[in-house]
Amino acid sequence: MKNYLARYFSLTDYLVSQEEAEQAIRDGVTFRGTNILILILAIFIASLGLNTNSTAVIIGAMLISPLMGPIIGIGLGVGVQDFDLIKRSLRNLIMATGFSVLTSTLYFLISPVSEGHSELLARTSPTIYDVLIGFFGGGAGIIAIGSKSKGNVIPGVAIATALMPPLCTAGYGLATFQLTYFFGAFYLFLINSIYIALATFIGVKLMRYQPVKTDNPARAHKVRRIVYTLAILTMLPSLYLTYNMLRVSRFKANAATFVADECRFPATRVLSSEADMDKDGRSITITLIGRTLPTDSLTLALSSRLQFYGLAGTRLNIIQGDSQGMTALEASSSSVRDIYDMAQASIASRQVTIDSLKAIIDYNRLNDTISGRIAPEIRVLFPQIKELAVTRAIFGNIATAALDTMHLALVSYSSPLPAAKQRELEKYLEARLQLSPVSIVNVGNLKFSPDAIPNNSEKQSQLKPEARASR
């Protein structure tokens with residue numbers, strides 16, 4: 001079985017010579033001429049990708065960047081005990097890092113967009129998973145360099161280890177004076193660099209590359225010890241950050257389970273829930289909508305159930321009812337504010353419609369009672385009038401489709417009314433009813449005899465000249 005498995009993992013027939021692999025690595029260590037210009041352009045591209053939150057642009061920048069060269073060179077130098085290669089690789093890596101951070105800082109200083117998107121924020125909190133990504137990515141990289149069949153490994157390693165985005169994020173932190181971003185992103189870059197170099201060193205040993213002859217074995221031993229120490233020291237903060245990340249993730253999962261299981265009410269629903277963990281402790285904020293429940297009793301009942309979900313000691317905040325009298329914590333719930341604002345806007349819109357309909361009804365009711373209200377005055381001022389109705393008519397011009405509004409006084413006389421008296425009646429109605437203009441129409445005994453309704457020509461002749469012209 002051992003011999004059978006060994007055939008699958010044997011590298012002897014698949015590797016290029018040590019000289020060929022070393023030459024490929026040494027050629028990529030130097031950052032001069034085109035290499036440094038390509039690096040600067042790649043930094044600009046990565047910064048644009050982070051600024052616009054575009055994953056595709058960031059991936060493109062990582063494929064363009066030649067930044068892995070000196071990092072793999074450090075790992076090779078430690079593995080073959082070539083101290084000149086180590087020093088040259090370190091010098092070039094420091095120069096490349098400085099140019100990268102300086103370029104991204106200048107870009108974000110002049111960029112009009114200063115908001116931190118998700119692609120930026122993702123580079124500021126490295127964990128043990130980033131350590132593993134750097135280590136396994138570096139291992140794949142050195143094996144691909146030493147292999148006869150390169151495939152797509154090197155581009156894949158450049159994308160997976162993501163060396164460019166942390167440097168751009170570090171520049172963003174400097175440009176916006178947010179040192180938390182700078183240190184977090186720079187720490188992620190150190191993790192990737194050190195563990196790519198460590199994986200390269202281990203890969204060189206596994207491929208049995210012969211070390212450079214040296215007269216100082218103690219120096220080689222010291223360099224290896226420094227590499228191991230840096231690797232361990234670099235890993236420790238990431239372990240702590242990973243522990244915190246897992247603790248927060250577990251707390252939020254338990255909180256979500258607690259809300260789903262315990263917050264079930266007949267006429268009340270959970271609108272939103274938020275679990276927070278900070279230096280002040282843990283808290284769960286639950287926003288309810290529907291029938292208002294007794295807050296004190298509800299908080300007491302739910303708090304007694306927290307211990308069964310691993311949430312003992314967690315503060316419970318319950319938001320329900322309208323927004324008046326909200327505390328600062330409650331007011332932070334954007335969902336409640338949004339729903340309240342939408343409800344208020346809907347109520348205001350409906351109130352406008354109701355007021356408009358009320359105005360129309362009041363106007364029509366007023367028109368319906370005009371005759372009764374002014375009948376006593378009409379009886380004294382114009383005793384010849386037997387019946388009176390005031391209405392509004394809208395005439396449409398058949399040729400032009402123009403509309404014209406007119407107030408008509410439909411009058412039935414007991415005896416003919418002189419023209420001067422008719423004009424006096426018009427003035428009286430306009431002043432008394434505050435309507436302008438008012439046209440008098442003699443309708444005869446319209447109420448009691450439908451046959452007495454005048455035809456169109458008669459009505460037209462009975463309208464005053466102004467009314468006929470308007471029609």
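A: Ground rule on strands: two strands pair if DSSP finds at least two bridges between them. Strands (E, at least two residues) and helices (H or I, at least four) are DSSP runs, numbered from the N terminus. The model is predicted, so local features need pLDDT of at least 70, side-chain atom pairs count only at pLDDT 80 or more, and totals for chains, interfaces and linings use all residues. Residues are numbered from 1 along each chain as its sequence is written, and side-chain values use heavy atoms, without hydrogens and water.

Q: Which residue is the bridge partner of Thr268 in β2?
A: Gly290. β1 and β2 (residues 281–290) pair in the antiparallel sense, over 10 bridges.

Q: What is the strand order in that open sheet?
A: β1-β2-β3, with mixed pairing. β1 (268–278) and β3 (315–319) are the edges; each has a single partner strand, so one side of each has no neighbour in the sheet. On average, neighbouring strands are turned by 20 degrees against each other, direction ignored.

Q: Which helix lies across β1, β2 and β3?
A: Helix α12 (residues 217–262), running at about 160 degrees to β1. Axes are lines fitted to C-alpha atoms, for helices over the stretch in contact (heavy atoms within 4.5 Å). Angles run from 0 to 180 degrees between N-to-C directions.

Q: Now β4 and β5. How many residues lie between them in the hairpin?
A: 6, and Ala401 in the turn has a positive phi of about 65 degrees. β4 (residues 385–396) and β5 (residues 403–413) are antiparallel, with 11 bridges. Arg392 stands opposite His407 in β5.

Q: And what joins β5 to β6?
A: 5 bridges, with the strands running parallel. Val411 has Asn442 in β6 as its bridge partner.

Q: Switching to rings. How many aromatic pairs are there?
A: 11. Rings of Phe, Tyr and Trp (its six-membered ring) pair if their centres lie within 6.5 Å; planes under 30 degrees apart are stacked, over 60 edge-to-face, the rest tilted. Phe201 and Tyr228 are edge-to-face, at 5.8 Å centre to centre and 65 degrees between the planes. Phe201 lies in helix α11 (residues 179–206) and Tyr228 in α12, so the pair ties together parts 27 residues apart in sequence.

Q: Is Phe201 buried or exposed?
A: Buried, at 4% relative accessible area. Tyr228 is partly exposed at 39%. Buried means under 20%, exposed over 50%, partly exposed in between (1.4 Å probe, protein chains only).

Q: Which rings are linked into a cluster?
A: Phe44, Tyr107, Phe108, Tyr172 and Tyr181.
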